[in-house]
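Hi,

Here is the structure I promised to pass on. My notes on it follow below.

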Amino acid sequence: MESAIHPSAVIEDGAALGAGVQVGPFCHVGSDVRLADGCVLHSHVAVAGRTAIGPRTRIFPFASVGHPPQDLKYAGESSTLEIGADNIIREHVTLNPGTKGGGLRTVVGDRNLFMMGAHVAHDCHVGNGCVMANNATLGGHVVLEDGATVGGLAAVHQFVRVGAHAMIGGLSAVVQDVIPYGMVFGDRATLRGLNWVGLKRAGTDRETLVRLRNAFRRLFDGKDPIGDRLDAVAAEYGTDPAVRRIVEFMGAESDRGLCLPGSSGDAT
């Protein structure tokens, strides 16, 4: 398919557009932008900075992609925003490049859905197949692993890690790390169990689900030190890749600590 650039669009000199790129009315594409084959910018999209967007990604009206980060420490340093393939970036979404304090890179993987008004701040790392619902927000330096879902109007604090296939409920304020496959919600968010719906949608077999349930109970239903519980779960269930993923996540260094079960809510 041939490229199609609307006459009202502004494409600055130096911008690189792949084959079949479509740029709609009143879009603006900066001089350091790279749009891979098949990208679609619907009307009124603004893409700036050193931004690279992968094949077949679609961006909807009034999205702001690659403009300077909302960080008072940002001093104009040359940083990047890297977006992978087959993403859907809906209306009024904002994605910012990195800063010196975070390695100068914001990275978004493939096949993600960013619904209306979602925000990905500077130095975030978003994996593949994630969903950010309407007005969901990631603060700076957040890691969102593969398949994670952030519900509408939820906010994730700076430096928090959200594990693979975790689910953050709408309106939640997440200030601590969320384990892989975990389900959290509330203000402040607490761990309420495992994301059974997401696990089943991903085709997880029954035996793995049983091991995850048993490992979760062992990890969070005891009074002995968490390190001892981690060791016990690793010894009993560590050959299961899904359980091992949780154990390794919980054992890694963290700037924010872990989101744990609260006094209310069912953690089973």
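Helices (H or I, at least four residues) and strands (E, at least two) are DSSP runs, numbered from the N terminus. This is a predicted model, so bear in mind that local features need pLDDT of at least 70 and side-chain atom pairs pLDDT 80 or more, while totals for chains, interfaces and linings use all residues. Residues are numbered from 1 along each chain as its sequence is written, and side-chain values use heavy atoms, with hydrogens and water left out.

Let's start with Val93, which sits in the loop between strand 13 (88-89) and strand 14 (94-95). Val93 counts as buried because its relative accessibility is 0% (buried means under 20% relative accessible area, with a 1.4 Å probe and protein chains only). Beyond its neighbours within four places in sequence, Val93 is in contact (heavy atoms within 4.5 Å) with Ala63, Ser64, Phe114, Met115, Gly117 and Ala118. Glu145 lies 52 residues from Val93 in sequence and 19 Å from it in space, C-alpha to C-alpha.

Next up is helix 2 (residues 206-220). Its buried residues are Thr208, Leu209, Leu212, Ala215, Phe216, Leu219 and Phe220. They are on the same side of helix 2, because they cover an arc of only 130° around the axis (taken from the directions from the helix axis to the C-beta atoms). An α-helix has 3.6 residues a turn, so residues three or four places apart point the same way. What covers these buried residues includes strand 28 (189-194), helix 1, helix 3 (226-237) and helix 4 (241-251).

Cheers

Methods. Buried means under 20% relative accessible area, exposed over 50%, partly exposed in between (1.4 Å probe, protein chains only).
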